Amino acid sequence: MPSDSFSELKAEIGHVLFIDIVGYSKLLINEQSEVLRDLNEMVRHLPQVEAAEQAGKLIRLPSGDGMALVFRDDLEAPALCALEISRVVKASPAIQLRMGIHSGPINEISDVNERINIAGGGINVAQRVMDCGDAGHILLSKRVADDLAQYRHWQPLLHELGECEVKHGVRISVVNLYTEELGNAELPAKFKSAGVAAAPAPSKLSRKHLVLLSGVAAALLVGFLIFSLSRKSGSSTSASEPARGAISVAAPQKSIAVLPFMNMSGNAGDEYLSDGMTEELLSSLTKVKELRVPGRSSCFAFKGMYEEDIFRKVGQQLHVNAVLEGSVRKAGEKLRITAQLINVADGYHLWSETYDRDMSDILAVETDVAQRVVQALKVQLGVEGARALAKKPTENPEAHRLYLLGRYHFDKFTRAGWTSALRCFEQAIQLDPTYALAYCGLADTYATAGGQLMPGKEAWAKEREFAEKALALDPNLAEAHLSMATALFSLLDPHASEKELDRAVELSPKLLFIYDQYGWTFAEMGRFDEAIAAEKKAVEFDPLNPFTNTELGFLLYWARRYDEAIVQIRKTLELDPNNAWAYSVLGWCSIWKGNEAEAIAAFQKATTLDDLPWYIGSLGYAHAVAGDRAKAEQILGKLDELAKQHYVSPANRAAVYLGLGEKEKALDWLEKAWDDRDPIFWWNQDQLYDSVRHEPRFEALLKKISLDR
């Protein structure tokens with residue numbers, strides 16, 4: 001397949017029937033070939049299969065010891081086929097089959113030799129459902145059974161079994177489909193071993209329903225198919241038809257989670273596009289005042305999760321009524337983007353769409369998806385809201401691609417990530433010098449890189465320069481006011497920072513990092529109660545965000561509320577066990593509670609997770625206050641060696657000397673840190689400086705801070 005062709009690429013919801021030949025591995029090779037041939041011949045003549053293949057809405061996949069049938073838009077077809085197969089097999093007991101049915105995401109790619117590959121939760125879960133059964137069983141996932149149960153003719157045939165544990169400890173809810181004559185009413189062995197009660201006797205109505213469902217009588221089958229087609233909106237995920245579950249979104253609170261879009265490109269390097277699409281949609285939907293949208297980290301916590309009840313879990317954990325999910329496939333300059341809006345209460349699709357576009361159209365797709373979601377959720381936008389959704393940040397698609405790539409690297413929160421982010425944002429601005437968000441990206445990266453990649457003096461000047469350019473280009477861009485607020489904070493002007501944050505929150509009250517920056521700004525002014533309240537609000541917006549959860553722990557530490565801080569940090573480490581910043585905060589809390597051994601362990605862990613010099617200096621301080629001068633001096637030597645390779649803040653060595661009690665040497669390094677305008681001076685109220693707080697040289701530094709403001 002040419003790299004820029006999508007003629008054979010599909011990414012949608014599939015209704016899957018997975019068929020397995022029981023005892024296949026025990027057969028001789030010629031017997032295996034014969035059984036597979038018989039199965040294929042049997043399936044080929046099924047009325048549902050013939051009809052779907054003629055309409056181009058079926059994928060038939062061999063699976064070694066069976067096959068999978070994937071119907072594109074007919075919910076009932078897998079169950080109908082399963083019953084008909086069961087009828088045929090009953091007349092030919094030489095073949096023993098078990099079957100599993102599920103509906104879920106299906107991603108189809110055909111290669112140059114026309115070989116079809118299938119991926120996605122739909123096929124995987126169908127196989128796992130099948131694995132729960134024995135010979136003769138037709139098992140359905142609970143989601144499919146609930147869909148079918150809306151039609152009265154299916155209700156007597158569905159018998160709940162409960163949960164079954166499959167691979168990797170995953171548990172799925174399974175329903176047994178059988179009639180008085182077809183299927184297997186016996187309890188599967190997996191359920192017997194789990195102590196589940198025996199299955200109920202088959203319904204006496206089964207024979208009547210069998211006549212309708214199995215297709216034995218041709219006239220009835222034709223009538224059934226016509227009847228089925230006449231209510232297409234009840235069994236299709238087509239975007240042009242109203243979804244059955246649409247009424248459930250009439251909840252008082254409109255709310256939606258945007259799950260990370262899947263990267264279907266086959267190239268991990270294109271993941272920034274799927275992640276970027278997700279983040280842009282999150283950003284757009286947060287501008288809708290009536291809509292509650294959980295933050296990025298809370299949504300990205302579900303990345304890569306495809307279990308059967310994932311939407312219910314998202315709804316429960318993030319307190320939302322709907323979920324938006326999708327995928328992005330890039331081939332050359334071609335894109336295929338799918339998006340689907342799902343009601344978490346019942347798993348039904350409220351809206352779905354597939355876009356085959358050029359890379360140059362990615363902005364238009366983002367806008368269209370956001371607008372269609374708002375329409376499906378019946379949210380009243382108003383003039384301002386409609387304008388906000390329709391607004392494009394740039395008309396240059398390549399500049400937008402580079403911006404997405406820059407944010408992707410920035411979010412890695414590493415030295416290499418920040419370096420790559422700066423390069424991407426600079427390239428985006430070269431292509432579009434009026435791209436305000438790209439200037440915000442530069443400003444935000446310099447804000448983080450100060451004291452890490454370069455001296456603060458150099459970083460803060462660039463940070464303010466780019467924040468001012470963003471504001472000049474778009475005075476009503478909340479992100480630009482946030483970038484300016486952060487720049488003013490970096491320049492030790494918290495009162496001016498607060499004013500910019502006030503304006504940012506007027507423009508976009510649900511922009512998460514406004515409240516995070518409020519926390520730091522208030523803390524710099526010593527208003528710790530307000531700082532903690534602001535950070536708690538940031539956590540409320542994005543409860544699974546390790547960054548804001550850690551920031552809350554740090555502000556509690558800064559307010560000297562150590563026990564609360566430790567509780568908060570331990571919660572954070574449950575979210576992200578590899579969070580170096582969280583271990584650092586835990587270490588400093590342990591220091592001031594007199595637990596030097598715990599502090600050393602926490603700082604040591606931080607240094608194994610990240611190479612930022614601050615964690616190394618903190619470890620040196622802990623060794624020093626624990627009385628291990630030799631290890632503290634080793635840390636000083638290590639910082640000296642690192643400084644030969646890249647920038648190392650003088651404040652790191654000052655911290656070690658403070659631990660050793662060598663105040664004059666510590667103050668020497670703090671004065672050098674001031675010359676660099678190091679970010680440590682945001683922390684001038686930190687407990688670390690209590691031992692020199694009343695020293696004339698330190699007081700002189702504080703006066704310089706006041707004058708510099």
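Let's start with a hairpin. Strands β2 and β3 form it, with three residues between them. Look at Gly-64 in that turn: its phi is positive, about 90°. Keep in mind that this is a predicted model. The two strands, β2 at residues 58-62 and β3 at residues 66-71, run antiparallel. Five bridges join them. Pro-62, for example, has Met-67 in β3 as its bridge partner.

Next, helix α19. This one covers residues 494-507. At 1.5 Å a residue, its 14 residues should span 20 Å. The end C-alpha atoms are 20 Å apart, so the two values agree.

Which residues of α19 are buried? Pro-494, Ser-497, Glu-498, Glu-500, Leu-501 and Ala-504. They cover an arc of only 165° around the axis, which means they sit on the same side of α19. Why can that happen? An α-helix has 3.6 residues a turn, so residues three or four places apart point the same way. Now turn the helix over. The face away from the buried side carries exposed residues: His-495, Lys-499 and Glu-506. And what covers the buried residues of α19? The cover includes α17, α18 and α20.

Last topic: the cores. The largest nonpolar core has 160 residues. Ile-256, Leu-324 and Leu-341 have the most contacts inside it. Helix α24, residues 580-592, gives this core its largest share, nine residues. Take Leu-324. Leaving out residues up to four places away in sequence, Leu-324 touches Ile-256, Phe-261, Leu-341 and Trp-351, among others. There is also a second, separate core of 40 residues. Ile-21, Ala-77, Ala-82 and Ile-138 are among its members.

Definitions and conventions. Residues numbered from 1 in each chain as written. Predicted model: local features only at pLDDT ≥ 70, side-chain atom pairs only at ≥ 80, totals over all residues. Heavy atoms only, no water. Helix = DSSP H or I, 4+ residues; strand = E, 2+ residues; numbered from the N terminus. Expected span 1.5 Å × (residues − 1). Buried < 20%, exposed > 50% of the residue type's maximum accessible area, 1.4 Å probe, protein only. Arc of directions from axis to C-beta. Contact = heavy atoms within 4.5 Å. Core = buried A, V, L, I, M, F, W, Y, C linked by side-chain atoms within 4.5 Å. Pairing = 2+ DSSP bridges.
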